[in-house]
Amino acid sequence: MKNFLNIKTIIAITIDFILSGLAINISNYIRLNFLENIKVETICASLLLPTVFIFIGIYKRPWKYFSIDDLWSLVKACILANILIFLTIFIFNRLDNIPRLVIILNLFTLVFFTGGIRIIYRTILEKLVFLSS
């Protein structure tokens, strides 16, 4: 556990915390074309995604070497997190504020955001290494 909680892991957890809350709100906006007040749903999504990533081991992989295998495990983790997010929301409020399409859209936005930020990090890091050599 000592090696797990370093500054890079805490930053990654914080980024995923923010992106998961953003993903469910953007998915809801894409479906409804207006921002609806979904506080409980946002909190559930923000807390569950990093938790699932911790248990699956996504944070043990360095972003510097992010590859297709890492993206595939990220997609599987996002599928599991999406299922758990909407099961939890269903338990709390029976999906009253959430259209069914948001469940599918949230999966795509989660994969896009969490995978995209890791690919952007790797691209910037490679450019910096290339420019310094």
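The legends below describe a predicted model, in which local features need pLDDT of at least 70 and side-chain atom pairs count only at pLDDT 80 or more, while totals for chains, interfaces and linings use all residues. Residues are numbered from 1 along each chain as its sequence is written, and side-chain values use heavy atoms, with hydrogens and water left out.

View 1. Helices (H or I, at least four residues) and strands (E, at least two) are DSSP runs, numbered from the N terminus. The 26 residues of α3 should span 38 Å at 1.5 Å a residue, and the end C-alpha atoms are 37 Å apart, which agrees. The expected span of a helix is 1.5 Å times one less than its number of residues. Buried means under 20% relative accessible area, exposed over 50%, and partly exposed in between (1.4 Å probe, protein chains only). The buried residues of α3 include Asp70, Ser73, Cys78, Asn82, Ile85 and Asn93. Those buried residues pack against α1, α2 and α4. An α-helix has 3.6 residues a turn, so residues three or four places apart point the same way.

**View 2. Asn93 and its polar partner.** Asn93 is placed in helix α3. Asn93 has a relative accessible area of 17% and is therefore buried. A polar contact of 2.7 Å joins the side chain of Asn93 to the side chain of Glu41. Such a contact is a pair of N or O atoms within 3.5 Å; within protein, one must be able to donate a hydrogen and the other to accept it, and residues adjacent in sequence count only if both atoms are side-chain atoms.

**View 3. Helix α4 and what covers it.** Helix α4 runs over residues 100-132, which makes 33 residues. From first C-alpha to last, α4 reaches 49 Å, close to the 48 Å expected at 1.5 Å a residue. Among the buried residues of α4 are Val102, Leu105, Asn106, Leu110 and Arg118. The cover over the buried residues of α4 includes α1 (7-32), α2 (39-56) and α3 (68-93).

**View 4. The surroundings of Asn106.** Asn106 lies in helix α4 and is buried, with a relative accessible area of 0%. Leaving out residues up to four places away in sequence, Asn106 touches Ala23, Ile24, Ser27, Asn82, Ile85 and Phe86; contact means heavy atoms within 4.5 Å. The side chains of Asn106 and Asn82 make a polar contact of 2.8 Å. A polar atom of the Asn106 side chain also lies 3.3 Å from the backbone nitrogen of Ile24. Ala45 is 61 residues from Asn106 in sequence, yet the two are 9.8 Å apart in space, C-alpha to C-alpha.

**View 5. The largest nonpolar core.** A nonpolar core is a set of buried Ala, Val, Leu, Ile, Met, Phe, Trp, Tyr and Cys residues joined through side-chain atoms within 4.5 Å. The largest core has 25 residues, of which Phe53, Ile85, Phe86 and Ile89 touch the most other members. Two or more residues come from each of α1, α2, α3 and α4. Helix α3 gives the most to this core, with seven residues. Apart from residues up to four places away in sequence, Ile85 touches Ile24, Cys44, Ala45, Leu48, Asn106 and Leu110. In soluble globular proteins, nonpolar side chains tend to be buried together.

**View 6. Aromatic pairs.** Rings of Phe, Tyr and Trp (its six-membered ring) pair if their centres lie within 6.5 Å; planes under 30 degrees apart count as stacked, over 60 as edge-to-face and the rest as tilted. The structure holds three such pairs. The ring centres of Phe53 and Tyr59 are 6.0 Å apart and the planes meet at 65°, so this pair is edge-to-face. Phe53 is buried at 0% relative accessible area, and Tyr59 is buried at 8%. Phe112 and Phe113 form a tilted pair, with 5.8 Å centre to centre and 50° between the planes. Phe112 is exposed, with a relative accessible area of 61%, whereas Phe113 counts as buried at 18%.

**View 7. Cys44 and Cys78.** A disulfide is a pair of cysteine sulfur atoms within 2.5 Å, and by this rule the count is zero. The cysteine sulfur closest to that of Cys44 is in Cys78, 17 Å away, too far for a bond. Cys44 is buried, with a relative accessible area of 9%, and Cys78 is buried, with 0%.
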